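Subject: Structure for you to look at

Hello,

Here is the structure I promised to pass on. Please open it first, then read my notes below.

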Amino acid sequence: MTTSILLDRMVAHPSDSHTLARYVDTGGYETLKKALNSMKPEEITAEVKASNIRGRGGASFPTGVKWGFLPPDTRPRYLVVNGDESEPGTFKDRMLLERDPHQLVEGIIISAYALDVHHAFVYIRGEYPKPARRLQRAIDEAYEAGYLGGDILGSGFDLDVTVHLGGGAYICGEETALLSSLEGRRGEPRIKPPFPAVEGLYAKPTIVNNVETISNIPWIVANGGAKYAAIGPETSSGTRVMSLSGHVKNPGDYEVVAGLSWKELIYDIGGGIRDDNKLKAWVPGGASAPWFVPDEHLNTPVTIDDIAKNGSMIGSGAVIVMDETTNVVGAAHRLVRFFSHESCGQCTPCREGTTWLERILARILDGYGRPEDIGLLLDVCDNISPGLAWPPAMTTICPLGPSATAPVVSMMKYFRDEVEAMVSPPPSGGDVAGGDRGGEVQFEAGGTSNV
Amino acid sequence: MSDDRPAVTITLDGVDVQVESGQALIEAAQKAGTYIPRFCYHPRLKAAGVCRACLVEVEGPRGTALVPSCTTPVGDGMVVHTKSDTAKKAQEGVLEFLLVNHPLDCPVCDKGGECPLQDQAFAFGAGETRYVEEKRHYEKPIPISDLILMDRERCILCSRCTRFSDEISGDPLIDFKDRGNYVQVITFPDEPFASYFSGNTVQICPVGALTAKPYRFKARPWDIEAVESVSLVDAVHSKISVQTSHNEIIRLYGVDNDATNHGWLSDKDRFVNDHVHSEDRITTPLIKEDGEFREATWAEAISLTAERLGSFDGPKVAGVGGARSTNEDAYSFAKFLRSVVGTPHLDAQLGDGLDPSFAAAVTPRAEINDLESAKTILLWGPDLKEELPVLYLRVRRAVTELGANLVIVHPRRTGLDDVAAHTIRYKPGTGPDVLRKLAAGDGEYAEARSALGFGPVVALVGRTGLAENPDLAEAVAAFSLELPDAKVLPLLRRGNVFGALDMGVAPTLLPGRVSVDDAAGRTALEEHWGSVADGPGLDTGGILEGLAAGDLDALVLNGADPVRDFPLPSTAVAGLDAAQFIVAFEMFMSDSAAYADVILPVAGLGEIEGTATNIEGRIQKINQIIPSAGMSRPVWSIFEDLALALGAEHGAASAGAISEEIAAVAPAYGGIAWDQLSWGAGRDGIVLPGPDGAQPLEHAPSDKGVPATSGHRVLHTARVLYDDGVMVRHSSGIAGLASQGAAHLHPRDASVLAVTEGDEVEIRGDGEVRLPVVIDPSLAEGTVYVPFNLARTAGLGAAAEVRLDAVRGGDA
């Protein structure tokens, strides 16, 4: 687990890893020079394809394949870097932006050169002012040093990069909503097809890649795609930054090679559960991922395919750990409330369904649950995401609505007895069941890194 | 539009059906007899795919998937399940979701009984609710404009209204705010939904979220009786449904058709419904005695009018008007004057129009639908948004949806400038010079000229303002017809003016587009009419001057108000003042009717039947649904009585009989029967033949060499949608929307006069008015723009040149 591609610099030079001086001092922009001086754009694309890198934003789509979707003859093309990292529990892009922005900038320039893009955009979530400032400073430095602008390093290649700070909507991390937002419209997902690679920003072919994905590009081009592909299992190549949060002793970002077990990730890397409590469940890949539980999943490997085979996803690599003290209804309510709050409101099932789920869960937490609420919750989920299967079927334009069903379905799948206890009629003379939203207070106070 | 699309076969619920390729599944299924529920889908709007009510299962390579049928185009071999368990559960689920926050206040909702949410909850919903939580609450309806109220609790957020405003009318004054459970349709702060087309959003709202103030709580849908008709508010003749309850017209709805309005109406079309029930309506014949009007019986009024009209030499009598009503009424008017009274002096236009032969017979004449295939549109005429708003919608669509290039030539900014490829602005009077330069592609006009080189070209040609020489339009048309694959649509605004011209209510025309100089046509007419007065006669300007000079003695005003509408009000007043006898056919007292000796009350909207002919030469049916108010009568029947009283006999017992006579007498109208216009393809009307058919009159527009004026204070005056005309004034919904009027000045002219926005200026033209200043940088320097016929601007008239003086403090 010692392989590091992305985090070396910031670990070794915590005080100034974000500056141009340190970046250049540690070999930065050498790959750019190599790419511009000695490589053709299609050679770079070939290396990216050979690396087998899959998108780090959540969908794990092979980056090289995505690049290949660009229609050959339409110009201009755009590259948009998705830094709208808003999924609860996800905080890896923040660190990459804040601590090593030049690595991203170099990745953008090389990618743009490969894709024949002359204007790239970085869309950063509105709540990330510091990462945006750091990135903007890095871009300014890059312009001054001749890495950006016209005729970069005498190569004849021109590129401008624009940083855009979002307005505070999770949905703008969905790539088509992001493009609408970037165009100045409401951040609402668009119906696909057309996909962005064909008709994206300003209706032009557009590649949308995650911050972490693009941050990997300098290493891939410097060392070769084959070498990257050799790291980790074939279909989960390279390293991946996992954001560990919740009831672990050592929450934080960790760069790991896929293939380790969940036990190693949570106990060896995360240091185990706080107060040495028992592990109850964890979210393996961001708030929209179905939960894992120790009995079934602790010894399964952390790879894209293994997680998928077990009915969830690696998503953005956000692992939220819940210990035995967790009220599952409270946890589900907190997650559903997030999706309800962040629904753009376009599609009826998402707008109305997520809010309905949230209200039922809140009512159960308030002690007014009814036995029929269990069936109702599942049926409302079923009307948002028919069949409650994984990957989810959709009644909506984008997966946000179906995502909100994951916590509810997970809760019912593994902890139905706890929910049933909360919705049972109170014993005569006794208090109403449940009646405790304490778990929720704790979630709110904890912030993103301590759900 | 889509006739040549190849057919593909899809399997719809187990049955193979042939459908047109490329269309949305929801449409294809409906045509094949399967109705899929829908809320956001509207055939005239771009599919949004947001309500998700139309989910169906489609089989694909990776199994079946739920897809919205409104955004899914059909493809050959597609296997579709609209009623499978999964599809039905999804449809039911969406309906339940739509209802969880819906207030279900149906008993007090205007939409109740005609509500797509009610109907589809009934047809596709589960029938019971499982929702026990608190519903979303908003302040109950809030006014978002003078006409429209928004009830956000009822809203299902289908985005039909916001898409209409954005895509169709081009004035996106309403939009979504907030997100998720809190998303709502609302106006921008301090920006009311002041659109000329706002009523359409009420009509297409699938729930009772948007309601129109004039209709609110007036009726229940099951009490409504309706009849299809056309709007005579302007010359587009949008198809309407006249909806009544207890013999009161309570609402007008647009009716969808491909030919004219696509279902849309302007708010003026829509909200004139109640002028027919106005308390100010004249419902009894009035006779003036000692300067005062008194009520009279029809017998008395008819015999007095006949006696007086009969006392003058025929050619000393003149007629003005006839453009507000049906073809049958206009025909009776023309026949009465030309054959019974024996005068050639009659004119449906009020000096604000175009050469009658040009308007009636320019060739090739465009249909509105030619805009759909036009590559280039030249608009040199009125601001369509103000004068022909539904045509404005069609041009906007042609440009924004269908990709036509629009070239606008106008003295100032117009409603379509934002979508125009080229806008040419000029000082009124310099039009001929601009035309010469444009034709030659000189300098600044080179790009616009080369844009005009791509056909098919549709040229929309009319007068940009009332002070402009009407001959310029013909010169523009002559130029346009040299462009590739070009057709011309002559632009006149007033109600049924094209019908009136076709019926011969023009100094130079006989019924059916026959020139008064056409000996054969004249002879043919005489066989039906007996005698036909020698022509050509005087136009309205000539008639008014003739009256003032004593050359004419009497005037029949048929739904016309020259004091307000003739470009030189002083001439109108002098003429009316000098006339020895005036009979006015009117619904309301007007500035002109006040000069009359006899006022005869006429029937109006919903009270009459007949036909009308629109801007394209399309004849459509007008239908009656309520009895005439009081003692008012259709115009044709009054002329019938007058003819009888004068010893002649028209022989018409009904509008239908007159229509048959028109079909027999007027060549261009040959063979058109009412039945054809009521059913089948004729329901969208029939475009009358061009000169290759039965239309005998040909008119090739010519450059008549309009002189440019050289004055340095040039007046541009043109109509705005809501003016101080009688119809707007007596329609309670829109009467308050007419502005008071202002003088619009170029910033440099304002600074020369040392005035700023809000200061007053005195303008002297034909008349004299004082107006507040509005700064308008879109005008040419040296031009002042004054909207015609508003409360403060009426009386100024449309003299080509005016004097302007600042009104200094204390003087105002």
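T11(B) stands opposite V79(B), which belongs to β5(B). The two strands here are β1 (residues 7-12) and β5 (residues 79-81) of chain B. They run parallel, and two bridges join them. Bear in mind that this is a predicted model.

Both strands sit in an open sheet of five strands in chain B. Its order is β2-β1-β5-β3-β4, with mixed pairing. The edges are β2 (15-20) and β4 (63-68) of chain B, each of which pairs on one side only. On average, neighbouring strands are turned by 35° against each other, direction ignored.

A helix lies on this sheet. α2(B) packs there and touches β3 (55-60), β4 and β5 of chain B. The direction of α2(B) makes about 150° with that of β3(B).

Next, the contact between the chains. Chain B puts in 25 residues and chain A 27 residues. Which element gives the most on the side of chain B? Helix α2 (residues 85-100) of chain B does, with eight residues.

The axes of α17(A) and α2(B) come within 9 Å and cross at roughly 65°. The crossing is left-handed. On the α17(A) side, the residues are T348(A), P349(A), E352(A), G353(A) and W356(A). They meet G93(B), V94(B), F97(B), L98(B) and V100(B) of α2(B). By type, this contact has six nonpolar residues, three polar and one charged.

α17(A) also has a partner in its own chain. Helix α16 (residues 328-342) of chain A packs against helix α17 (residues 348-365) of chain A at an angle of about 150°, with the axes 9 Å apart. Because of that angle, α16(A) counts as roughly antiparallel to α17(A). Here too α16(A) passes α17(A) in a left-handed crossing. Residues of α16(A) in the contact include V329(A), H333(A), V336(A) and F339(A). Those of α17(A) include T354(A), L357(A), L361(A) and L365(A). The contact divides into nine nonpolar residues, five polar and two charged.

Back to chain B for another sheet. Seven strands form an open sheet in the order β15-β14-β27-β26-β25-β16-β17, and the pairing is mixed. The edge strands are β15 (292-295) and β17 (346-347) of chain B, and each pairs on one side only. Strand β16 (residues 317-321) of chain B pairs with β17(B) in the parallel sense, over two bridges. V320(B) has D347(B) as its bridge partner in β17(B).

This sheet has a helix on it as well. Helix α17 (residues 540-549) of chain B touches β16, β17 and β25 (554-558) of chain B. The direction of that helix makes about 135° with that of β16(B).

Last, chain B as a whole. How many helices and strands does chain B have? The secondary structure comes to 24 helices and 36 strands. The C-alpha atoms fill a box of roughly 85 × 65 × 55 Å along the principal axes. The radius of gyration of chain B is 28 Å, which agrees with the value near 28 Å for a compact globule of 812 residues.

Best wishes

Definitions and conventions
Residues are numbered from 1 along each chain as its sequence is written. Chains are lettered from A and ligands numbered from 1 in the order in which they are written. This is a predicted model: local features need pLDDT of at least 70, side-chain atom pairs count only at pLDDT 80 or more; totals for chains, interfaces and linings use all residues. Two residues are in contact if their C-beta atoms, placed from the backbone, lie within 7 Å. Helices (H or I, at least four residues) and strands (E, at least two) are DSSP runs, numbered from the N terminus. Two strands pair if DSSP finds at least two bridges between them. Axes are lines fitted to C-alpha atoms, for helices over the stretch in contact, and angles run from 0 to 180 degrees between N-to-C directions. Angles under 35 degrees count as roughly parallel, over 145 as roughly antiparallel, 65 to 115 as roughly perpendicular and the rest as oblique. A crossing is left-handed if the near helix is turned anticlockwise from the far one by less than a right angle, and right-handed if clockwise. Ala, Val, Leu, Ile, Met, Phe, Trp, Tyr, Cys and Pro count as nonpolar, Asp, Glu, Lys and Arg as charged, and the others, Gly among them, as polar. The radius of gyration is taken over C-alpha atoms; the globule rule is 2.2 Å times the number of residues to the power 0.38.
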